[in-house]
Amino acid sequence: MRTRTPPTWPARFDRRRLLLALLALGLLTLGWQVSRAAPSVEDARALIEQVSAKVLAILSDQAITDRQKFDALVKLLDGPIDLDLVARLILGRHWRTADEAKRQEYLALFREYALANLAAKLHLYRGQSFEVTGARVVSDQDALVTSRILSNGEPPLQVDWRLRERDGAAPVTIDLIVEGVSLIVTLRSEFGSVIERQGFDGLLVELRQRITQTRQEA
Amino acid sequence: MAGDLFVEIVARRGRGGRGTAVLLRGIGGALVAAALLAVPAFAQDDDVNDPLEPLNRGIFQVNTVLDGLLLEPAARMYRIATPQFFRTGVSNFLANLSTPVVFANDLLQGEFQRAELTLGRFMMNTILGLGGLIDVGGKLGMPPRHSEDFGQTLAVYGSGPGPYLVLPLLGPSTGRDAVGRVVDLGFDPLTVLGAAGVGIFLDPTEFGLARTGTQALSFREQTLDEYDELKRSSIDLYAAVRTFYLQYRANQIRNGAVVESDDIYDENLYEDPDAPVQAPLE
């Protein structure tokens, strides 16, 4: 009967275990990086499909008032769109020229501006339908869902949705690109132009004015 | 006519492959490098190439006033006075008339498949579609009509857009696109016939003017709602129209291909106060 000498075996065993443990750790880290590096296209696509179906259902509901439609849309879109992140991306390099108080004020105003615009746009819906045509990864954080808006007798409108993946959370929409025209690029250019001409406070003043005006007209 | 581009959005939607354009790019690059237009490309957002901004803003104001006095009310009348099928017919007819320009530029860009589509649609629509009033090709399942012009051809050959320009009456443009407009006139049989003094039914020059007027009216009507919405929501209409035009043209030049990655989506880029300011794209 052979017996292994206790001093050598455990030592060897430990080395192997250590190697295995390192390898496993390496694989895990790699796996984690891979999962971070590839946002889930399926999640993004499913989100756009589900949310758009609900939006269309709300918009085409004859039984509720515009006010009720608006409230339902705001409730629905609050999670799937990260308005704060959108607002920050729009500001671009001007974000860091503003202090914390100004930033918070801007974020609050941007939210009001977006909601006032949503309310004012409700009447534009005329029974258009919507279909998702594809989805793909476009950067280490983002997925792009492509879709078409179809209205009677007009060529289809190409609409792309850029979604950001976040660890363990549902993806959020950060940009809307209509026929190659991005909401973020457009507002960034516009807000940037106002900041350059009238300063950051000027932007806040303009936003406040536009919100009041839009509400009055509604 | 600040609505020039919105209109195009409704009227023409280009999509398709890149074809042999890549091959031509090398040859054309050398050709165009010599031209004035080899101005560095603008960065998409922070550093728009608009050296004439004060002048441009002035012309934009005048255009906006003229639009409000003439074109916009005319477009509203046109909408009220005519049924949708009539307006669709007019728009189809106008698009069919611009076929020679689109076809010539398809060829110049080496987009032979798209050239084939353009020509095929023209034949079908002209012969079966009452001289172009009906988009027979579209009804038979051809892809949506695409636009090409010499501004896009120059871009495919490597030219940057050059400075942003607001043209009196004509609206948003760039150095490159303004040159393109003039060259496109040369591809237009109406100009050629007009210059040769040939008239078949009508004097070609007068016909050309009438067509331009109808084009403006038709385009403005198609974009009434969108432009109203832009005017209502924007806090700097001039800047909004400028970026709209530049993005829309860039999209047309890419033939609708998607820009995948871009610094504008980097949420950390502007967080660190010591981070370098984004360099303008070259």
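In what order do the five strands of the open sheet in chain A lie?

**View 1. The open sheet of chain A in the predicted model.** The five strands are arranged in the order β1-β2-β3-β4-β5, with antiparallel pairing.

**View 2. Pairing of β4 with β5 in chain A.** Strand β4 (residues 169–178) of chain A is joined to β5(A) by two bridges in the antiparallel sense. A:Val181, in β5(A), is the bridge partner of A:Val178.

**View 3. Packing of helices α5 and α6 of chain A.** The axes of α5 (residues 100–121) and α6 (residues 183–217) of chain A lie 9 Å apart, at an angle of about 30 degrees. Angles under 35 degrees count as roughly parallel, and α5(A) and α6(A) are therefore described as roughly parallel to each other. The crossing of α5(A) past α6(A) is left-handed. Residues making the contact include A:Tyr106, A:Leu109 and A:Tyr113 of α5(A), and A:Leu204, A:Leu207 and A:Ile211 of α6(A). By class, the residues of this contact are nine nonpolar, two polar and six charged.

**View 4. The side of chain B that touches chain A.** Contacts link 36 residues of chain B with 39 residues of chain A. On the chain B side, the elements giving two or more residues are α4 (84–97), α12 (224–233) and α13 (237–253). The largest share, nine residues, is supplied by α13(B). This side of chain B comprises 15 nonpolar, 11 polar and 10 charged residues.

Terms used. Residues numbered from 1 in each chain as written. Chains lettered and ligands numbered in written order. Predicted model: local features only at pLDDT ≥ 70, side-chain atom pairs only at ≥ 80, totals over all residues. Contact = placed C-beta atoms within 7 Å. Helix = DSSP H or I, 4+ residues; strand = E, 2+ residues; numbered from the N terminus. Nonpolar A, V, L, I, M, F, W, Y, C, P; charged D, E, K, R; others polar. Axes fitted to C-alpha atoms, helices over the stretch in contact; angles between N-to-C directions. Parallel < 35°, antiparallel > 145°, perpendicular 65-115°, else oblique. Left-handed = near helix turned anticlockwise from the far one by under 90°. Pairing = 2+ DSSP bridges.
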